[in-house]
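Here is a friendly walk through a two-chain model. Have a look at it first, and then let us go through it together.

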Amino acid sequence: MSSTVADTIVLARRNLKRIPRQPDLLIAYTIQPVMFVLLFVYVFGGAINTPGFDYVDFLMPGIIVQSIAFGGFVTALGLSEDVKKGLIDRFRSLPMSRAAVLAGRTFSDILLNCLSLVVLFAVGFAAGFNFIDTTAGQVILGLVLVLLMGYAFSWIFALVGLFSSSPETANSIGFTLIFPLTFASSVFVPASSMPDGLRQFAEANPFTTWSDAVRSLWIGTPPHSDVWMSFVWCAAFIVIFAPLAVARYRKVAAK
Amino acid sequence: MTDDAIVVEGLVKSYGNVRALCGVDFAAPPGSVLGLLGPNGAGKTTAVRILTTLLAPDGGSARVAGLDVVEDAAALRAKIGLAGQYAAVDENLTGFENLEMVGELYHMPRAEARARADELLEQFDLVDAAKRPAKTYSGGMRRRLDLAAALVYRPPVLFLDEPTTGLDPRSRLSMWETIESRTEEGSTVLLTTQYLEEADRLADRIVVIDHGNVIAEGTSDELKDRVGGERLEVVLEDVADGDRAVEALAAICQDPPSLEGQRVIVPVRHRSGVIADAVLRLNGAGVGIDDIVVHRPTLDDVFLHLTGHRAEEDPEEQTEEQTEEVAA
């Protein structure tokens with residue numbers, strides 16, 4: 001058990017080392033979220049009606065949910081590369097914990113997501129975001145919720161990476177599947193503004209539940225059942241996708 | 001038998017309907033280099049994957065360093081090193097970081113892992129590149145780093161899966177020298193290769209496999225003897241001298257020499273001195289020599305003799321590797 005933790009840390013450190021060395025990845029975790037915030041606040045923001053709130057206050061919880069959900073894409077990329085380049089074989093031939101490869105990936109994603117959060121809050125505050133009617137406890141609960149959701153998505157990306165024939169495919173599958181889902185939700189606009197059909201879809205979309213839960217914790221919107229439902233969604237995703245990723249890993253590795 | 005570092009008995013492995021290994025037996029005593037020779041798809045890599053615990057066999061048994069590859073897999077991993085044709089290094093890490101990481105995954109203390117990384121970079125002539133990401137390395141440098149990673153923990157048994165496939169001749173030669181200096185340190189090595197010259201040069205004993213079966217086993221010389229040992233070939237200046245040449249050379253061989261046009265073929269047992277001896281005898285008989293050579297059968301001849309086909313390489317894989325070389 002202690003060796004699993006030690007091996008996970010060794011591999012997480014390895015995963016993190018590549019980020020500053022690859023400008024496209026560094027951009028994905030820093031400049032891309034900044035760009036999204038500025039684009040929505042200043043380009044679309046004026047045309048979007050969010051009754052009772054400045055758009056930046058409405059937007060930030062949603063855009064944080066969206067950015068963190070994608071934080072795990074580097075896991076899809078990295079795992080797909082490791083399989084292709086034979087590194088998985090090297091790891092499996094070493095007297096190390098076999099769980100550490102996936103654990104190291106998902107753990108390093110959490111740290112990367114923390115980096116994204118710092119960047120997002122910095123640009124959010126600069127663009128005029130404020131916490132409204134909230135307590136330190138609620139702010140922290142919101143952060144925990146967002147990071148847990150990011151962790152759940154890391155397992156989805158792990159599965160995508162292990163199913164992809166190349167890192168490029170892993171990347172495009174991830175974005176094609178998840179990107180539209182974030183738009184058909186209350187991430188950027190209130191679901192109530194959407195036409196029938198799409199509105200019902202958006203209301204059932206977990207991205208709506210997560211965004212609305214974080215809003216209720218950070219800007220004082222009515223909580224309804226969103227907060228605990230959000231945790232249920234996270235748990236459900238982890239319970240479904242972590243075992244699938246582990247099973248797929250075993251299958252891919254033992255070829 | 002139980003003292004052997006590698007013992008494989010009746011190993012069977014299938015992928016769906018394809019039988020990769022159909023009951024393979026071989027063994028390697030401690031400190032020896034065993035060459036597993038065969039064309040692509042012969043089952044070499046499957047055997048290595050089973051012996052390094054990456055793959056479970058369907059039948060038969062295998063013990064490495066006294067440990068069963070299935071039952072004692074976890075303990076066995078601390079006693080083996082694996083390097084292969086895919087050069088499994090992390091391209092985003094530097095040479096030093098790659099070796100440090102592998103050391104830490106062997107649960108060496110960090111300071112020791114770092115010292116060992118420095119030592120190996122020195123031995124493998126990678127000191128200048130130690131701080132550069134491995135993606136900037138040439139194909140030959142990557143293979144050296146990969147081999148260094150396999151040696152971090154000084155494993156008693158080393159598996160090299162086609163260590164020079166796709167390398168240019170100069171890198172191949174330097175890789176051979178590296179492997180030779182490693183094997184002098186007393187590790188047992190199992191080397192797979194489709195290059196006959198490579199098995200000839202590096203291996204003490206050679207197991208030839210084809211379509212998942214062992215088709216021959218022995219030292220390089222034993223295998224060559226199976227296709228008839230060495231031949232002295234003399235090309236005569238004048239065809240008319242043929243009979244006199246055969247007569248003059250009959251004394252230096254057991255089997256009678258044969259005559260093919262202006263070429264006399266003489267089966268010989270011992271290479272040393274045979275050319276000088278033949279030249280003297282032919283001179284004495286007044287036979288003019290155009291050319292004279294001792295031909296050793298290559299392992300290619302052995303393979304052809306055993307299987308009826310050459311140990312050719314898969315042209316597709318070759319092209320891919322070469323492209324990779326250019327890109328690297």
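Over which residues of chain B does pLDDT stay under 50?

## Confidence

That stretch is residues 313-328 of chain B, for which the model has 17 contacts beyond four places in sequence. Here pLDDT is the predictor's confidence in each residue, from 0 to 100, and two residues are in contact if their C-beta atoms, placed from the backbone, lie within 7 Å. Where pLDDT is low, the predicted coordinates should not be read in detail. Chain B as a whole averages a pLDDT of 86, with 92% of the residues scoring at least 70. For the model, ipTM is 0.87 and pTM is 0.83.

This is a predicted model, in which local features need pLDDT of at least 70 and side-chain atom pairs count only at pLDDT 80 or more, while totals for chains, interfaces and linings use all residues. Residues are numbered from 1 along each chain as its sequence is written, and chains are lettered from A and ligands numbered from 1 in the order in which they are written.

## Chain A

Chain A has twelve helices and zero strands; helices (H or I, at least four residues) and strands (E, at least two) are DSSP runs, numbered from the N terminus. Its C-alpha trace spans about 60 × 35 × 35 Å along the principal axes. Of its 255 residues, 48% count as buried, meaning that 20 or more other C-beta atoms, placed from the backbone, lie within 10 Å of a residue's own. Among contacts in chain A with a separation of 6 or more, 78% join residues 24 or more positions apart.

## Where the chains meet

In the interface, 19 residues of chain A are in contact with 24 residues of chain B. On the chain A side, helix H1 (2-21) and helix H6 (87-93) are the elements that give two or more residues. H1(A) provides the largest share, seven residues.

## Cores and domains

The largest nonpolar core has 146 residues, and A:Val65, A:Met149, B:Leu51, B:Val64 and B:Leu190 have the most contacts inside it. Such a core is a set of buried Ala, Val, Leu, Ile, Met, Phe, Trp, Tyr and Cys residues joined through C-beta atoms within 7 Å. Helix H8 (residues 136-163) of chain A gives the largest share of this core, 14 residues. Another core, of twelve residues, lies apart from it and includes B:Ala245 and B:Leu282.

Chain B is assigned domain 1 (6-224) and domain 2 (230-295), with bounds from an automatic or database domain assignment. Their C-alpha centres lie 44 Å apart.
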